[in-house]
Each structure stands twice: as C-alpha cells, then as structure tokens.
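I am opening these notebook entries to keep track of what I look up in the structure shown below.

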Amino acid sequence: MFKYILKRLLICIPVLITVVLIIFWMLNVLPGNPIEQMMGEKLKPDVVERLTEKWGLNDPWIVRFGRYIRDVFLHGDFGDSYKKNRPVIDLISESFPNTVKLAVSAALVAWLVGIPAGIVSAVKKNTIFDRLCMGFALCGISMPVFWAAMLLQFIFGYKLNLLPISGYTTWKHMILPAIVLGWSSSGSIARLTRSNLLEAMRNDYIRTARAKGLNEGGVIYKHALKNSMMPVVTTMAIQFAGLLSGATITETVFGIGGIGRLTVNALQTRDIPLLQGSIIFSTALIMIGNLVADIMYSFLDPRVRV
Amino acid sequence: MENNVKNTLEIKGMKTHFFTRRGVVPAVDGVDITIPKATIVGIVGESGCGKSMTAMSVMQLLQYPGRIVEGEILLDGENLVGKTKKEMCEIRGNDISMIFQEPMTSLNPVYTVGKQVTEAIMLHQDVSKEEAKRMTIDIFKKVGIPEPEKRYSSYPHQLSGGLRQRVMIGMAMVCKPKLMIADEPTTALDVTIEAQILHLMRQLRDETGTSIMMITHNLGVVAELCDYVYVMYAGKVMEAAPVKELFKNPSHPYTFGLLNSIPKITYTKDELYTIKGMVPNLQQLPSGCRFCPRCEKTMRVCTEKMPELIDIGGGHLVRCCLYDKEVVGAYE
Amino acid sequence: MTNFEKDQYQRDLAARINAADGNYQYTEDNALAEISELDTTWQRIKNMLKSNKVAMVSLIVIIAIILIAVFAPLIIPCDPYEIDLPNRIKGPTAEHLLGTDEFGRDILSRLMMGSRVSLVVGLVPTIISMGIGIVLGLVAGFSGGKVDFIIMRLADVCLAFPSILFAMLVSYTIGQNLLTIFVALSIISWAGTARIVRAQTLQLKEKEFVEAAISIGVKKRTIIFKHILPNCVPHLIVLFTMHVPSNILSESSLSFLGVGAQPPSTSWGLMVFKMKEFLASQPVGTLAPGIALLIMVLAFNFLGDGLRDAIDPTLKD
C-alpha cells in the first residue's frame, strides 16, 4: 500500500515538471519584451530597460526556466507580479480562502442533492421520480453556468432583492454561487450514483443477499451502495479538486476574489508571473485530486488493497 | 396433511412467465416437483429449460418482468405463493436457502466472508454478535474450511473458488434450513474440488436432514449425489424417476439423448452422440410435444398433442407419446 | 466546467476493458437476457431511436440546428452585422423577432449565424482530438515498452490540465480568438480516447484471432483496420457524443470570458456576455442565446445517453 502511494507520488513529479515546462514555454515563447506588451508603448525606454534587467528577462528562456523551477521547488517562490509588484504566492494565498469557501459550499450542495437524487432514481427506476431527478441532473450538466448564474442574479438579486449579487463577505453572498456551481456539479454525481447503483444491483452477490432473507432496503444500503459508491467517491474527490482550482466563471460573474478570477485578471493584464503561478497552482491541485482519488479507490476496494 | 408433512417441498402446476416487450415467455410452464424430507432431488436440463427459473420461483426472487402466474409452492404444507415480501424475507435464508453457480461473484467483494455469514445469522436468529461469530466459525469448521478463525476475516478475493463455495454452503446451512437449493454449485469448479463439494453436501444432508434441490446440467453430478431426478425441457418436466431407475432405464428420447451425449471410455464410436437442433425459442414453441422437432422417434401424433406425464411403474414418470397406451394402441 | 462524468466514464471504460478477461459464462439468465442482444451495433442504435422518443426528438433537433447552421446566410431575416444605433436594445418587434442588441443588430440573425460557431467548435476539435487519441492509443498499445510509457505519461499531463485554463494559456500565446479555442480543445482532450483505444488494443492483441492473424503474416495495417478499430467503434461513438456538448459549453464559457470569439463575430456565449447589462430592459437578448445553448447541449446529451444505453449493455437498465 505504502509502496503504491510512493510510486504514484514519484510518477507525479515528472508530470508536474512537464506541466510547468509547458506553461512556462507557452508564456515565454513569444518574441518581444513582455514588459512592453504588458504596459504598452507608453513607458520610457530606460524604465523598460531597468525592469528588464530587474526581472532577468535578457537571458534565454531556458535559463529563466531553470531559475524558475529552482525558485518554485526549493523556495516556494513564484516570482513577483509585474502589475501589482507583489509576490505571486501572496496574491494566491489571499485569493485561495474565497475559492475554498466557494468550493466547500458548492460541493456540499452537489453532494447533498446529487447522491440522494441518484439513489432515489435508481431505487425508483423508470418512475416519474427517476425521470424528474435525471431531467434535473441533465439540465445541470447541459446548462451554461454563466447564463444560469446571471439569471439567478437577476431574479434573486435585482428583481426580488433578496440576496446580494456581487462580492463575497457574508453568508448571504455565498448562497447563489453555491447553488449555481452545486447544481451543475450535482448533475454528474446524481447520474453516476444512479448508473453505478443500478450496475451494482445486477451483481450476483445481490442475489445472494436477497437469498439470505435481507429485505430490499437492506440489499440496497448494505450491499449495493457500498460497492457502487467507489467510482462516485473518486469523482467527488476529483471534482472537489477542480472546484478548489478555481471556478473561473462563477467567480467572474459573482465578483468573488478567488483563484479563478485572479487567473482571468492576470490573463487580461498580461501579467506573466501571476498567470504562470496561478495556472501552475490550479494544475497541481487537480493532480493532487487525481492522486487522492486513486488512493481512495484502493482504500475502499479490498480487491486493490494490498 | 399426513402426506404433506412427508414432503419438504411440493410444487404443484407452477407456471412462471416473463412478460417482455416482445411477448410472453413461458419459462416454466406447469411443473410439478416433489422433494421428500432429507432427500436430494436433481433437476436436469439444457440451458434455458427453466430449471433455474424454477428455483428462483421457489425463492420468489424472480426479476421483473417475470412472475408466477399459476400453481402452488408448498413448503412443509405451507403455500409460499401469495406470501408478502416481508414473510418471504423471513423464510429466505432461514427455511429455504440457496447457493449459486459462480462462487467468485456471489460473495460481496467489500465485506469479509465472516461478516457475510454472520449477517445471515443475525437476520433470522436472536443472538448477540459474539454468538453469531462463534456460530459462523463453527459452520466454517463443519463445511471443512481450514483455519476458520483466520478465514473469518478474509475477503472473498483472498479465497480459492472451492473455499468460496464452502463459504456459500456454510452461509446456506447456518440457519439449518428445511430446503437448500443449489443452482449448478460445482459448474465453475475444478473436477477434484467438485467431488469434494458434492461429498460435503451429501454429508450435510445426512447430518442435518436438510433436503436439497440440485440444479445441474451435468448427469454425472446427478448420478453421484441425487436420490431422485427430474428432467426438464422447455419449461416442462419430461421425465422423473429415482436416480438408479433413470440411468438403468431412460425412457424419454430426450433423456436417452442426454445420457448418450456423455463421452464414455468403455466403447468407442467415431462420433459422439448429439441431440440435433437447439433449445426452442420459448415464444415459438412447436405445437404438440415440445421436443418433437429434435426427437428421433417422432410420430405424427407428436406434432398434434402434448402428452401427459405417464407412470410407467417404479415411481418412473415419462411425458412421451411412446408410452401413451391409447396412442400406441391406435397405431397398432 | 470540466465534465466530470465524461472523465469518470473514460476512466471506468478503460479499466473495464483492462479487466475483461473473456471468462463469459453462458447461463440461463444470460440466455434469457440475450434473446434480443444478438443484433449489431447499428441495428441496436436504430432500435433505440425507434423506442426512445427523447433520443429521437434530440436527433431531429440536432439535424434542424445543423440545417439552420448550413443555410444560415440564406435564411437570416436581417444582416447580422448591420449596425443601427437608433434602434439599439429594443424588445421583439415584427421586424426584429427577438429584438436588437447593443448596436441595434438583429438578434435572431446573430443567433442563427452563431449556431455555426457552436456546431463547428463542438464537432471539429472533437474529431481532431479523437483522431489524435486513436492514433496515439493504437501506437501505445501496439508498441508497448518505452513508446507506450511516454505516450501514457503525456496523457497524464493532458489530463492534469483543466481545459479552460489551457485555453487561456493558448490564448495568451496565439491571441484571443476562435482559433485559440480550436487549438486548445483539439490538443488537450485526446487523453481519454487514447486510454480507451490502448486498453482495447492491448486486450485484442491477446485474443486468438488477432494472434492468428499476426502469426500468418497479416499486415499490421489490416489488423488495425479490420480487427481493432471496429471493436473500438461503439466506445468511440459514445465518447464522441460526450465530447461534443462539453466542447460547445467550453466555447461559450470562454467566449463569455472574452478569451474566445471576438466582436463583431457571433458566438452565443459572447452574445450573453454583451447583453447581460441590458437584462432588465431587453431580457430576450440574454435569454435567447442561453436557451439556444441549453437546447443544443441537452439534445446532444440526450442523444448521447440513448446511444450509450444502446451500445454499452453494461449500463443498460
């Protein structure tokens, strides 16, 4: 078991370095001076030269990459934001709590709605309940998030004036973003729960459990559910990591100062170190999520557990 | 009443049909089977002949769209047809238990085998957890599982196929049922393991007096284990006889064919006997005798009339026009 | 915005193909269940469409959208680029059935032109990325060893990138326009396909009929096209129907963020973005493109569900 986790961790390192390399290369491959690109032509040449010198932009990109890797992995230093003139890592750690709040609230909505909805649909297969739950879930998946977010904003914030539409300070601010993001995430969870539960119900050991004299409820909750939840739980882990890495659109529409918005801002202002840092941060989170999902899977399933 | 008590199970005129989108499939079509106390009764037939469906009907575990449309299932004289779900839950695992073909998949992979057996005890008997665990280890010992204490906390994938089937038998026997239904319990096992499992089942029957319904397509298993045999074809019983009588004097052409298609070492023939054709589609059954399109002794009357079960003496019943005195008389 | 269900499906499918060992038991239950299972994939799809009304309606909706997209320049009521400032942000009128946008352009016409963007972004990157996935999956499965290892690690890298972030990255390098979205969506999402094709290749490579074919000197190309690809086709169809709606949504989100389509070209996501300030005075301008997106994505998803049930019997209820 320990060996397995270690192996997975070791595979992650080259993958992560490749990811960083791709990100770095894509952001630094453009010819021309990034400072001019960022600030426009308004700057005086001597200022440009001073800044170029300060950020070491005269070296070839591969040298800068080596320096960057060294700083990131040895010192946890992602450089300074060009625009805000502050360490990128500080900006990230300021935004992250908001993203965490959003992720947790959205995940709670997704799981508390998605899992029961999936179970109900599977147990009451092909009934009106099933159709309703699955229609709701498919709408969640198919809905453009930005559009749903705007409509809710308009109805609850503007027309009914019940909830604030922008900012992220009180619990009231958290409701609409959590509903929008939670609904779209609950769709996958509900559908996965349903299909896995139905698949588990076709297993031979379900027949054994019935032959033992267990009633239908016991068969579902004791035997089918535990088996069927394994893929669901792994998806939940990956999904949560995805939420943590920044719900770009939800954050933009609701004006939440999280990682997603930081990334969009960095892109719009062409702030390379910040863009680089936030994308690497998000990608690393996703990788950790994948890793945790795999490890969880092996803990849950005794056939994989060694 | 006197008669009923003698028999553990009596199936009378049971019909189980599947109501599919493409029409009704009569998987079991009027079957009478009697299992006396402490007897092992074999039910033999090709795939799709309705033998498993008979078992599932007795357990009342038919899956949608199947249901029992007619007949009685008497367990110790008590009709199971029409029992509520709750009543059946109390009977299943307690009075009737069942073991299945695939020991690999019949145990839940995420629970230890001990826990799965304990669950069956706790469902039907009012005992403490420790007591249930002790009973589980006892039954493991009885079904010949080495190191029962250690095996208690094994997961199914850690056991061999033979051991898993022993666990299944243990689970089935732990509440001392009146009847155990075994659906091809040895088909997926090696031949040596098969012999051990069959021996174990016979031994358990001798010790506890549990009746066994043995469903198989393997006549060797029947010869080895059973006291009485029913041969099924396309949802109907074709022949029923004490096991020795059946092997000595197979009377239905289908049984005859089945016996002849077993390879024998004692005489050589260029080609192994086979029953020609395939199991008929249950939705397009031939008129008259269901076996007649594949039968070597077809007469004209066979395509017109489905014969009744005819007693030819010595507890031997055959459903074939060859033994219908009227028919044969008319021909002669 | 990542479609987690799609990701999980790809994982599961690859794992399932890996685990399948062909120890299929022919039992009575299976025999009964399989009375209707003897048809081929295409027949099953046809039967599904006959019995599944939702999928049939979805297919009709998709065909209708395709027809609109193809003939858009011929059937649009107004010029979608004609600016008419005095008539900006007007509700529906007889002349402009869905009203006008912030420059007085006809929204219905822009909606019809926008369907082209959504369809093309839904289909083309999916085809390209699945093509890459098929080739790399075959190569990895056939070659094994180092080549296999490198390709699969590359797949890991691609799986780690959220598609929206990757698109942003690409947009920094090659500019913020539709091409960005094409490139980003084409080169990032091949990994799932590659995993499945590789799993299928590895499994089939062990099968007797392929071994026999190899042993009598059948060309590799023949083996791939005659034996391995046909076996992948059902899975690929299902994957295709999962990728298309997910790409359509990605495009609209990116255009909404300003990374994708740029004015004056039309994209439904961009239309929602441009009209969101006027939600109170001209709600149709925001509602219409959103509903159009929802209908299109729902149609693809419903059809995909139907296909998955028809093709993948393990998921059948």
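How many residues of domain 1 of chain A are in contact with domain 2 of chain A? I note before counting that the model is predicted. I find that 16 residues of domain 1 of chain A are in contact with 16 residues of domain 2 of chain A.

**Entry 1, the domains of chain A**

I looked up the domain assignment of chain A, which gives domain 1 as residues 2-77 and domain 2 as residues 89-304. The centres of these domains of chain A, taken over C-alpha atoms, are separated by 32 Å. On the side of domain 1 of chain A that touches domain 2 of chain A, helix 1 and helix 2 (34-39) of chain A each supply at least two residues, and the largest share, eleven residues, comes from helix 1 of chain A. I sorted the residues of that side of domain 1 of chain A by class and noted twelve nonpolar, two polar and two charged.

**Entry 2, the domains of chain B**

For chain B the domain assignment gives domain 1 in two stretches, 7-95 and 177-331, and domain 2 as 104-174. I read 30 Å between the C-alpha centres of domain 1 and domain 2 of chain B. Their contact takes 15 residues from domain 1 of chain B and twelve residues from domain 2 of chain B. Helix 8 (residues 191-208) of chain B gives the most to the side of domain 1 of chain B that touches domain 2 of chain B, with seven residues, and the residues of that side divide into ten nonpolar, five polar and no charged.

I then followed the strands of chain B, where eight strands form an open sheet in the order 6-7-8-3-9-10-12-11, with mixed pairing. Strand 6 (96-99) and strand 11 (310-311) of chain B are the edge strands, each pairing on one side only. Helix 2 (residues 51-59) of chain B lies across strand 3 (40-44), strand 6, strand 7 (179-183), strand 8 (211-216) and strand 9 of chain B, and it runs at about 145 degrees to strand 7 of chain B.

**Entry 4, chain B against chain A**

Here I counted 23 residues of chain B in contact with 17 residues of chain A. Helix 3 (85-91), strand 6 and helix 4 (113-124) of chain B each supply at least two residues of the side of chain B that touches chain A, and helix 4 of chain B gives the most, with four residues. By class, I noted eleven nonpolar, eight polar and four charged residues on that side of chain B.

Chain C has 13 helices and zero strands. Of its 317 residues, 46% are buried, and among the contacts in chain C with a separation of 6 or more, 70% join residues 24 or more positions apart.

The contact between chain C and chain A takes 39 residues from chain C and 45 residues from chain A. On the side of chain C that touches chain A, the elements giving two or more residues are helix 1 (4-19), helix 6 (145-160), helix 7 (163-174), helix 11 (220-257) and helix 13 (283-311) of chain C. Helix 13 of chain C gives the most, seven residues, and by class that side of chain C has 23 nonpolar, nine polar and seven charged residues.

I took helix 6 of chain C on its own: it has 16 residues and reaches 23 Å from its first C-alpha to its last, close to the 22 Å expected at 1.5 Å a residue. Its buried residues are I151(C), A155(C), V157(C), C158(C), L159(C) and A160(C). These buried residues of helix 6 of chain C pack against helix 1 (2-28) and helix 13 (272-300) of chain A, together with helix 5 (107-143), helix 8 (178-188) and helix 9 (191-206) of chain C.

Why does N231(C) count as partly exposed? N231(C) counts as partly exposed because it has 16 C-beta neighbours inside 10 Å, and a buried residue would need 20 or more. Leaving aside its neighbours within four places in sequence, N231(C) is in contact with Q200(C) and L204(C). I also noted that N231(C) and S58(C), 173 residues apart in sequence, are 26 Å apart in space, C-alpha to C-alpha.

How values were computed. Residues numbered from 1 in each chain as written. Chains lettered and ligands numbered in written order. Predicted model: local features only at pLDDT ≥ 70, side-chain atom pairs only at ≥ 80, totals over all residues. Contact = placed C-beta atoms within 7 Å. Nonpolar A, V, L, I, M, F, W, Y, C, P; charged D, E, K, R; others polar. Expected span 1.5 Å × (residues − 1). Buried ≥ 20, exposed ≤ 12 C-beta atoms within 10 Å, placed from the backbone. Domains from an automatic or database assignment. Pairing = 2+ DSSP bridges. Axes fitted to C-alpha atoms, helices over the stretch in contact; angles between N-to-C directions.
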